[in-house]
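Grab the model and work through these exercises with the viewer open. Try each task yourself before you read the solution.

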Amino acid sequence: MRILIVDDHPIVASGCRTVFADDPEITLLEAADAESGERAFVAEKPDLCVIDINLPTVSGFELARRILTRDASARLIMFSMNDDPVFAARAIDIGAKGYVSKTGDPNDLVEAVREVGNGGVYLPPAIARNVAFARPGFAQNPLSKLTSREMEILRLLSSGKSLSEIAWLVHSSYKTVANTSSIMRQKLGVRTSAELVRLAIESGVA
């Protein structure tokens with residue numbers, strides 16, 4: 001099995017190599033950001049991808065969206081320091097087959113790779129319980145109204161990026177990004193970009 005690890009922290013990539021070192025059937029490929037991750041996916045056609053949510057430039061969610069646009073059957077596991085059920089639920093909603101917290105048991109990643117590699121899905125038991133019990137409250141979160149693309153643009157806005165920079169990062173036109181920003185303001189009931197950014201920061205998106 002060929003696994004693409006997309007993470008910008010060398011210690012994480014090193015840890016993954018250690019975890020799978022004794023398995024001769026696994027070959028690891030590595031990338032450090034969404035752009036190189038997408039190129040590696042196209043060139044190497046891995047069997048499975050493990051993607052960090054918090055990548056430089058655009059997020060792992062955006063990379064997942066790009067990969068699934070190219071190949072709807074791609075097997076993706078999202079990997080994050082955050083065990084908040086909202087992030088796990090969003091990973092599932094965009095099409096990931098697994099979600100693993102970096103702060104959890106290292107064996108969780110091994111189990112996730114085994115399950116997803118065999119065509120299944122995987123959530124660590126604790127995260128699965130949290131997602132199940134938190135789901136009814138997700139609808140009360142104003143950000144639940146946003147699509148994954150809107151969430152990505154909101155995250156980039158809250159990090160201080162201009163609309164022009166965001167358009168370049170998400171491979172879209174300035175006009176499309178500006179229109180999306182306007183739609184988000186309408187959905188969230190705010191009038192200005194500053195209010196939009198403040199809501200993002202208060203909601204933990206930034």
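**Exercise 1.** Work out how many of the 11 residues of helix H7 (residues 148-158) are buried.

*Solution.* Start with the ground rules. This is a predicted model, where local features need pLDDT of at least 70, side-chain atom pairs count only at pLDDT 80 or more, and totals for chains, interfaces and linings use all residues. Residues are numbered from 1 along each chain as its sequence is written, and side-chain values use heavy atoms, with hydrogens and water left out.

Next, the terms: buried means under 20% relative accessible area, exposed over 50%, and partly exposed in between (1.4 Å probe, protein chains only). Helices (H or I, at least four residues) and strands (E, at least two) are DSSP runs, numbered from the N terminus.

Now count: nine of the 11 residues in H7 are buried, so the helix is largely enclosed by the rest of the structure. Glu150, Glu152 and Arg155 are among those buried residues. The cover over them includes H3, helix H4 (85-94), helix H8 (163-169), H9 and H10; contact here means heavy atoms within 4.5 Å. After H7 comes Gly160, with a positive phi near 100°.

**Exercise 2.** Describe how helix H9 (residues 174-188) and helix H10 (residues 193-202) cross.

*Solution.* First, the geometry: their axes come within 10 Å and cross at roughly 65°. (Axes are lines fitted to C-alpha atoms, for helices over the stretch in contact, and angles run from 0 to 180 degrees between N-to-C directions.) So H9 is roughly perpendicular to H10, a label that covers 65 to 115 degrees, with under 35 roughly parallel, over 145 roughly antiparallel and the rest oblique.

Then, the residues: Ser181, Met184, Arg185 and Leu188 in H9 meet Ser193, Leu196 and Leu199 in H10.

**Exercise 3.** Explain why the structure holds zero disulfides.

*Solution.* Begin with the cut-off: a disulfide is a pair of cysteine sulfur atoms within 2.5 Å. Then check Cys16: its sulfur is 13 Å from the closest cysteine sulfur, in Cys49, so that is too far for a bond. Finally, look at accessibility: Cys16 is buried at 2% relative accessible area, and Cys49 is buried at 1%.
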